[in-house]
Amino acid sequence: MKYKWIDLQNYAGIYNGMQLNQIKIDFTKCKTNKILIRGMNGSGKSTLMDAINVNPDPNDKFIPNVEARKNICIEESGKEYIIRYIHPVNSNGNRGTTKGYISKSIDNKFVELNPNGNISSCKDILYAEFNLDANFMALSQLSSENRGLVDRKPAERKKLLNNIMDILDT
């Protein structure tokens, strides 16, 4: 999986750190596969690192009372994908239902794989197209705020570890 670009709109961490409502990073201009993200404390580095995953982001990541979007372009096995998440705001100012869309290049045309925008089917398609595992994705997104197994209830820890053990046995 190779990221080509990411476009974030109305992310609170980016706005608070750089006073930008939108940031687009073009990874195709990188000369190597290693990328360094640096900046002052509070400039939005962690926000970018959290947002760069293919899953939708939680509502607390966005500027209140405005629609937020995340668009990512990824190349995988010679195919190009565009993943789009829309986090709308209702007329009363509350977050509406997040929508997720995935387009895949087929014969130089983009075909929408999730036309209904449903998040559950969006995740299912992502995991199938990129051969991802939900448990691995949960573990790979650990941070100082989310300490993984430590912060889970005993039943959740048991379920997660049982799923991982089944994979390891295989």
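Guide: A patch is built from residues with over 30% relative accessible area and no salt bridge, where like charges are joined within 9 Å and nonpolar side chains (Val, Leu, Ile, Met, Phe, Trp, Tyr) within 5 Å. Accessible areas come from the Shrake-Rupley method with a 1.4 Å probe, and for residues only the protein chains shown count as cover. This is a predicted model, in which local features need pLDDT of at least 70 and side-chain atom pairs count only at pLDDT 80 or more, while totals for chains, interfaces and linings use all residues. Residues are numbered from 1 along each chain as its sequence is written, and side-chain values use heavy atoms, with hydrogens and water left out.

Visitor: Which residues make the nonpolar surface patch?
Guide: Ile-35, Ile-37 and Met-49 make it, with an area of about 260 Å².

Visitor: Why does Ile-35 count as partly exposed?
Guide: Buried means under 20% relative accessible area, exposed means over 50%, and partly exposed lies in between (1.4 Å probe, protein chains only). Ile-35 has 48% relative accessibility, so it counts as partly exposed. Ile-35 sits in the loop between strand S2 (22-26) and helix H2 (45-51).

Visitor: What makes a set of grid points a pocket?
Guide: On a 1 Å grid over the protein atoms alone, a pocket is an open set with protein on both sides within 12 Å along at least five of seven lines, and lining residues have an atom within 4 Å of a point. The lining of the second largest pocket includes Ile-35, Ile-37 and Met-49. Its volume is about 360 Å³, meaning the space filled by probe spheres set on the points, which are joined across faces, edges and corners.

Visitor: What makes Lys-4 and Glu-80 a salt bridge?
Guide: The rule asks for a side-chain nitrogen of Lys or Arg within 4 Å of a carboxyl oxygen of Asp or Glu. Lys-4 and Glu-80 meet at 2.6 Å, N to O. The pair links distant parts of the chain, with Lys-4 in strand S1 (residues 2-9) and Glu-80 in strand S4 (residues 79-87), 76 residues apart. Glu-80 has a relative accessible area of 21% and is therefore partly exposed.

Visitor: Are Asp-57 and Lys-70 buried or exposed?
Guide: Both are buried. They form a salt bridge, with the closest N and O atoms 3.3 Å apart. This pair also links distant parts of the chain: Asp-57 is in the loop between H2 and strand S3 (68-76), Lys-70 is in strand S3, and they are 13 residues apart.

Visitor: How many salt bridges does the rule give?
Guide: It gives seven. One of them joins Arg-69 and Glu-67, with the closest N and O atoms 2.9 Å apart.

Visitor: Why is Ser-77 called exposed?
Guide: Its relative accessible area is 69%, so Ser-77 is exposed. Ser-77 lies in the loop between S3 and S4, and has a positive phi of about 55° although it is not a glycine. Most residues other than glycine have a negative phi.

Technical notes
Helices (H or I, at least four residues) and strands (E, at least two) are DSSP runs, numbered from the N terminus. On a 1 Å grid over the protein atoms alone, a cavity is a set of points where a 1.4 Å probe fits but cannot get out, and a pocket is an open set with protein on both sides within 12 Å along at least five of seven lines; lining residues have an atom within 4 Å of a point.
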